[in-house]
Amino acid sequence: MEYKLSSQLAINKTDTDCIIVAVYEDNTLSPAASEIDKQSNQAISTFLETGDFTAKLKQVDVLYAVNNMAASRIMLVGCGKQDKFNLKKLNTATQAAISAIKSSNIATATTYLADELDDKASAVQQSIISTATELYQFDQHKSQKSDDIVFNTLNFAFSDTANADIETAIQQGKAIAQGMSLAKDLANTPANICTPSYLADKAQELAENYPAISTEILEEADAEALGMGAFLSVGRGSEQPSKMIVMQYQGAADDVAPIALVGKGITFDTGGISIKPSAAMDEMKYDMGGAASVFGTMQACAEMQLPINVVAVVASAENMPSSKATKPGDIVTSMSGQTIEILNTDAEGRLVVCDALTYVDKFKPDAIIDIATLTGACIIALGHHISGLMANDDKLAEEILAAGKAINDQAWQLPITEDYQNQLKSNFADIPNIGNDRSAGTITAACFLSRFVEDKKWAHLDIAGTAWRSGANKGATGRPVPLLSQLLINRASELD
Ligand code: BES
Ligand code: MN
Ligand code: ZN
C-alpha cells in the first residue's frame, strides 16, 4: 500500500479512481465537496436533495460519472455533525470509506478527509493507521485466502498547498501502521508456532533488517546466572525454553540515556497449576500482546529513524501445568533479591516482568515503561476502549496520557497509593504475587511491579482489554503501538 501527498491539480482534473470527500449532517458540504458541487453543476447537492444520504457518521455513497470530473467516482463520506468532527471520528469515517473501497475495483483514491481537521499532520497519520487497520488481513493459516484487494494507493489532498509536515506525517503514519501490523501478526500467530523461541528469532530478524537495532537473547542458563528466579519460575512447567529478549535501538549518541520498554511475552497462559477455566482460553495466545507491541514499536522507531535510544526487554515464557510446574505456595527469589510467595500461578505476568524491570536498570534508562496484558480486572475497570496506566512519576504519566490522546490510542491513569500497597502481604516471603483480596486487582498488580523499580521513573500499561478483540471480529489490535510510537516521536522532537 502506497500513501502519498497528492501533487495537487485542480479537483476537477484529479485523475484518480475515486475522490473521497466529507459531508456533514444538515447537507453541510466540506470545502472539497463544495468545490466539486460548484464544478459539477451541483451534482452533490442535487443528490443530497433526494434525502437518501443524511451524512450520519460512517454513511458512504458513491456518485459515478459526475459532470466535469476527471475522477471516475466521487465518494461521499458521512462525518456526522461538523462541529463534533475530531480525530476519533476521522478514524471511523476513514475506516468506513476504506471498507467500501476494499470491496470495489478502486486502485487509487485521493482523500480530502484529513483536510477537515486543523492539525493536518496528525489527521494524515491517523488516516494511514485507520486505512491500514481496515486493510489488515491474517489468512496465513487458511487454505482459502481472502480475495485480493485492488486498492493500492491513497493520496492525501488539501485545499491549501500543504507543507513539509505532511511528508513527515506520511512517513511516520506508515511506520506506525507497519509496526501495528507486525504486532498483530505476532499476536495472532497461534501459540504452537509463536513460542518464546519464535519471538527470539523475530527479534534477531529485526536486528538483521535494521542496522540501528541489535538483539541479544538471554537463555534460561543466563537468566539462572543472573538470579532471575521469578522469571524462570513461570516457564518451569513448559517444554518450551523461556527467553529474555533484549533489543537495543541506537539513534542517538552513546551517552544519551535510553527509554526502556519492557513487554510481557507469555506466549500462552493456561494459568499453570492455578489453571484457568476452559472458556475462551484460546485467547490466552494473546498474552504476549505487550511483547508484540514492543516489537512493533521498535520496528516503527527504526523505520522513522528517530534520533533517540531505546532499549527493549521482552520477558517470554509459556505458562503450563506439569509435574515440574511452579505450585501455589512456592517461594522464589527474584533478581532484585526480594523473595516472592507465588500464591496463584495464574498471576505469572508480573513474575516475568519484575525480573525484566530489574534487569533493564543496567542500561541506566531515563524512564521505564512496561506493557502487559496483566489483569482481567483491567477489562472490568476500563473495558476494551482504554488501556490502564499506573506510574510512580506524574510527569511520565502525563507524557504517556498526552501521547495516547494525540494519536487516538488512549490510556487512563489509576492510582497506586500506599493503601493499595498494603494489600500485598505474605506470611512466608517478602511479597506475595497477588493481593490479599480480589479488590483492585489491576492496581495491586501494578503495586507488585512498583516494588522492582524503586527510585526509577516507571510507568505500567495494562493492555488486557485493548490488545485484542473477542467475538466475531476476534483479532489483535496492534495497540498500544500508536501510543508508544507517538511517545517516542515526542521525545525525539524534544531532543532536537
Ligand atoms: N493474562 C492474564 C490476564 C488476562 C485475563 C488478560 C483475561 C486478558 C483477559 C493474567 O496472567 C492473569 O491470569 N491474571 C489474573 C490475576 C489474578 C490471578 C490475581 C487475573 O486477572 O485473573
Ligand atoms: Mn495468568
Ligand atoms: Zn497472563
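Residues are termed buried when their relative accessible area is under 20%. In this predicted model, that term applies to every residue of strand β2 (residues 18-24), 7 of 7, so the strand is largely enclosed by the rest of the structure. In a regular strand the side chains alternate between the two faces of the sheet. In β2, Cys18, Ile20, Ala22 and Tyr24 point one way, while Ile19, Val21 and Val23 point the other way, and all are buried.

Strand β2 has several pairing partners. With strand β5 (residues 73-78), β2 pairs in the parallel sense over 5 bridges, and Val23 has Gly78 as its bridge partner in β5. Strand β6 (residues 108-111) also runs parallel to β2 and is joined to β2 by 3 bridges; here Ile20 stands opposite Thr111. The pairing with strand β3 (residues 28-29) is antiparallel and consists of 2 bridges, with Leu29 of β3 as a bridge partner of Val23. Strands β2 and β3 form a hairpin with 3 residues between them, and Asp26 in the turn has a positive phi of about 60°.

An open sheet of 8 strands is arranged in the order β8-β9-β11-β10-β14-β18-β15-β16, and its pairing is mixed. Strands β8 (213-218) and β16 (411-413) form the edges, each pairing on one side only. From one strand to the next, the twist averages 20°. Within this sheet, β10 and strand β14 (residues 367-372) run parallel and are joined by 5 bridges; Leu261 has Ile369 as its bridge partner in β14. Helix α6 (residues 196-209) lies across β8, β9 (243-250), β10 and β11 (309-319), and runs at about 15° to β9. Helix α10 also packs on the sheet, where it touches β8, β9, β10, β11, β14 and β18 (458-462); the direction of α10 makes about 155° with that of β10.

In soluble globular proteins, nonpolar side chains tend to be buried together. The largest nonpolar core in the model has 67 residues, and Met247, Phe295 and Leu461 are those with the most contacts inside it. Helix α9 (residues 289-304) supplies the largest share of this core, 9 residues. Leaving aside neighbours within four places in sequence, the contacts of Leu461 include Ile369, Ile371, Leu389, Ile400, Leu483 and Leu484, and also Asp370 and Ser387. Another core, of 45 residues, lies apart from the largest one; among its members are Val352, Tyr359, Ile416 and Ala445.

Ser233 is located in helix α8 (residues 229-235). With a relative accessibility of 5%, Ser233 counts as buried. Beyond its neighbours within four places in sequence, Ser233 is in contact with Thr326, Val332, Ile342 and Leu351.

The model also contains a two-metal site. The manganese ion (ligand 2) is coordinated by Asp269 (OD), Asp346 (O), Asp346 (OD) and Glu348 (OE) at 2.0 to 2.2 Å. Along the chain, the manganese donors follow the spacing D-x76-D-x1-E. Distant parts of the chain are linked in this way: Asp269 belongs to strand β10 (residues 259-269), whereas Asp346 lies 77 residues away, in the loop between β13 (339-342) and α10 (349-360). Asp269 is buried, at 3% relative accessible area, whereas Asp346 is partly exposed, at 23%.

The zinc ion (ligand 3) has Lys264 (NZ), Asp269 (OD), Asp287 (OD) and Glu348 (OE) as protein donors, at 2.0 to 2.4 Å. Around this ion, 6 donor atoms subtend angles of 79 to 175°, which makes the arrangement octahedral. The zinc donor residues are spaced K-x4-D-x17-D-x60-E in sequence. Asp287 lies in the loop between β10 and α9 and Glu348 in the loop between β13 and α10, so this pair ties together parts that are 61 residues apart in sequence. Both residues are buried, Asp287 at 2% relative accessibility and Glu348 with a relative accessible area of 1%. The zinc and manganese ions are 3.1 Å apart, and Asp269 coordinates both.

Key: Residues are numbered from 1 along each chain as its sequence is written. Chains are lettered from A and ligands numbered from 1 in the order in which they are written. This is a predicted model: local features need pLDDT of at least 70, side-chain atom pairs count only at pLDDT 80 or more; totals for chains, interfaces and linings use all residues. Side-chain values use heavy atoms; hydrogens and water are left out. Donors are N, O and S atoms within 2.8 Å of the metal (3.2 Å for Na, K and Ca); water is not among the atoms, so sites may look incomplete. Helices (H or I, at least four residues) and strands (E, at least two) are DSSP runs, numbered from the N terminus. Buried means under 20% relative accessible area, exposed over 50%, partly exposed in between (1.4 Å probe, protein chains only). A nonpolar core is a set of buried Ala, Val, Leu, Ile, Met, Phe, Trp, Tyr and Cys residues joined through side-chain atoms within 4.5 Å. Contact means heavy atoms within 4.5 Å. Two strands pair if DSSP finds at least two bridges between them. Axes are lines fitted to C-alpha atoms, for helices over the stretch in contact, and angles run from 0 to 180 degrees between N-to-C directions. Four donors count as tetrahedral if all angles lie between 85 and 135 degrees; four count as square planar and six as octahedral if opposite donors are over 155 degrees apart and all others between 65 and 115; anything else is irregular.
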